[in-house]
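Here are a few exercises to work through with the model open beside you. Try each task before you read its solution.

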Amino acid sequence: GGAQAIAALAYGAGPIPPCDAIVGPGNQWVTAAKQLVAGKCAIDMLAGPSELLVLADDTANPKTVAADLLAQAEHDVVAVPMLVTTDLSLVKKVEKELTVQLANLGTKSTASKSLLNNGFVVVCETLDEAIETADFLAPEHLEVLVKNEMDVASRLNHYGALFIGSKAAEVLGDYGAGPNHTLPTGRTARYTGGLSVHCFLRIRTWMQLNDAESGPAQEMVRDSVALAKLEGLEGHAKSASLRISSVAYMNGDVKENKVADAPATVTYTKGEASISRWTKPRAVLFDMDGVLADVSGSYRVATLETAKAFGVSATEEDIDVIKAKGDANNDWVVTHRLILAKDNKSKVKYEEVRDKFQELYLGKDGKNGLRDTESLIPETKLLRRIAEKYPVAIVTGRPRDEADYFLKLHNLSDIFPQDLRICMEDGPPKPSPAPIIKALQKLGIEAAPDLGVSYMIGDTVDDIRAAKDAGCDVLGLGFVPPGKNPLKVSRSLFGAGAVRVMESMEEILSVLDISDGEGKVKDGQGRVGIINRKTKETTIFCKINLDGSGKSNINTGIGFYDHMLTALSKHGRFDIDVKCKGDLHIDDHHTTEDVALALGSAFKKAIGDKKGITRFGSAMVPLDEALSRVVVDISGRPSAHVSLGFRRSCIGTMSTEMLEHAFESFAINAGVTLHVECLKGKNDHHRAESAFKAMARALRVAVSKDGFKDVPSTKGVL
């Protein structure tokens, strides 16, 4: 035995061959050895000091509790005996028993050190809190010594072994009963169990498409292509594309084509999506109460005071319980439910509750109401920065006049204009996805999962469920309101489907690209243009920041076009996001043209009134043997003159005629005069790339500020 045996089993020794798995208990040296060989072979677990948690109420026998804790403590000086109880008086009785029993215990020296150094007691106000604490600690051994032990046992989730009732001593598990006693310690019971036959089993997966030509299979193939392109993994996309059938399945009908058709329309569908630091949203939607507005002194007080007015005493915890059940986005409804839940004989009508609530909230007889106590949770500067970089809207269950009042009170009306406030009067409340879908439609954003996601920031399960049901391109970001228990709120929101839960609005800096290198919100305003363009041929999202740093996220479906637009972003120092889903099964014409038109429109939107810009720009850029010249005038008079002298019909999968047309389409919608000429060059790739880089450099000069504040034109306008 010992560490040397672990080494022999892992690496082999003489006649002992290397093993695939090593399991079983041991001392600290065995555990250290198992940690060293983990990865070389499988291990069951890294077992730490032994643990016992006794969960007890006022019915527990203090003599039994003390004896069981001492039985654990005598294992080792690093053993961990724990008591979690709802009865403070039990603690004193157990302490007295420990003193008495220790005096006659042969292992007193070890047990007393264990109790003194590692033992602890947690006193909880309620049994629910005690259960939650036990689950958090996730002990190796857990004894349940309470009145309704089976009911409590069924609610516990995290433990190595559970001992239910005063007769089931943990010691019996050591010596006389139980399938095994090699159990997880150190809170690892939250994700693993004890040694069992499962440690010698493994899961293997396999896949075969028996009907690869079917509609569902082909839909999966197309999804795989789209996801690979979103991740920028061109090889993955090409591999999946080879599995696209020459028979397209559309709405149950079979159509014979050389290339499978793309869906004619895009609709909202339920699905899954994920979030990372680099996920750039198409829009950010905010709930109001608990996210923007601190309503702890308004709506919540109004709820409690209204209940009191009808003879019902309630607490904030009672409100939380009702809201956690969902379908509780209307505080009048919540208050009425609260009254009926606390007094099932009450005959109070909903209308009576609503009127009393509004009297308290709005004020009466010239006196301010509770709404005047509402403070703004996030900093105004943070909200303005988000609104500068992303389309924003409010999705709230408030009546419109109350939403308007709060926004005006805190000078936010310009950030969230009237038409971007989805309120009670606009349709069914959350958890229905209808208000979220309506907000996105108001922003001009169509549902298309492969074009990016939108965020819905909310503090209730209704907010998150509405986001989840709105479609696979909407992610629910949970938020813990000030003063709320982060653990309870997070569990509730994650359970509803939140992809992340934030405890402060500043955490948004880690998922939105609005901070500097130190994580602080930048000052100043960027020149940003955002376009959502949808036709029967293409669906496009395009965003450009003229004051960026050259970051790009390009996915047109045409590899060489992505390469050129990335070069435009990098060398123009523009931040450019472009996502396009187009009819590439026909050819590259519509995608190339429409992306250029959208980019031109976004550029024009970003440049604004043209005050203070240099206006003119020119550049000559070489690429090996090729040399291109571009001259640009942000004149407001669209005109393009392009001569690149291509010798091939295509570069990659992109036709060279469409490369020239891309410059022309951009100029038309950007409202610029553009001269693009390749002066010399043999390689068409070099010709095209030098031209795009030259345009980037020329535009960079033209949009730069010249230090004056007027429009650079004798006419006074451009």
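Helices (H or I, at least four residues) and strands (E, at least two) are DSSP runs, numbered from the N terminus. This is a predicted model, where local features need pLDDT of at least 70 and side-chain atom pairs count only at pLDDT 80 or more, while totals for chains, interfaces and linings use all residues. Residues are numbered from 1 along each chain as its sequence is written, and side-chain values use heavy atoms, with hydrogens and water left out.

**Exercise 1.** Find the cis peptide bond and say which loop holds its proline.

Step 1: look at K430 and P431, which are joined by a cis peptide bond with omega of about 20°.

**Exercise 2.** Check helix α16 for buried residues, then look just past its end.

Step 1: in α16 (residues 400–409), the buried ones are E402, A403, D404, F406 and L407.
Step 2: just after α16 comes N411, with a positive phi of about 55°.

**Exercise 3.** Trace the largest nonpolar core and pick out what F663 touches.

Step 1: a nonpolar core is a set of buried Ala, Val, Leu, Ile, Met, Phe, Trp, Tyr and Cys residues joined through side-chain atoms within 4.5 Å.
Step 2: the largest one has 55 residues, and I544, F603, L659, F663, V672 and L674 touch the most other members.
Step 3: helix α23 (residues 684–703) gives this core its largest share, ten residues.
Step 4: leaving out residues up to four places away in sequence, F663 has contacts (heavy atoms within 4.5 Å) with A640, V642, L644, L674, V676, A691, F692 and M695.
Step 5: another core lies apart from this one, with 38 residues, including A293, I394, I457 and M502.

Definitions and conventions. Buried means under 20% relative accessible area, exposed over 50%, partly exposed in between (1.4 Å probe, protein chains only).
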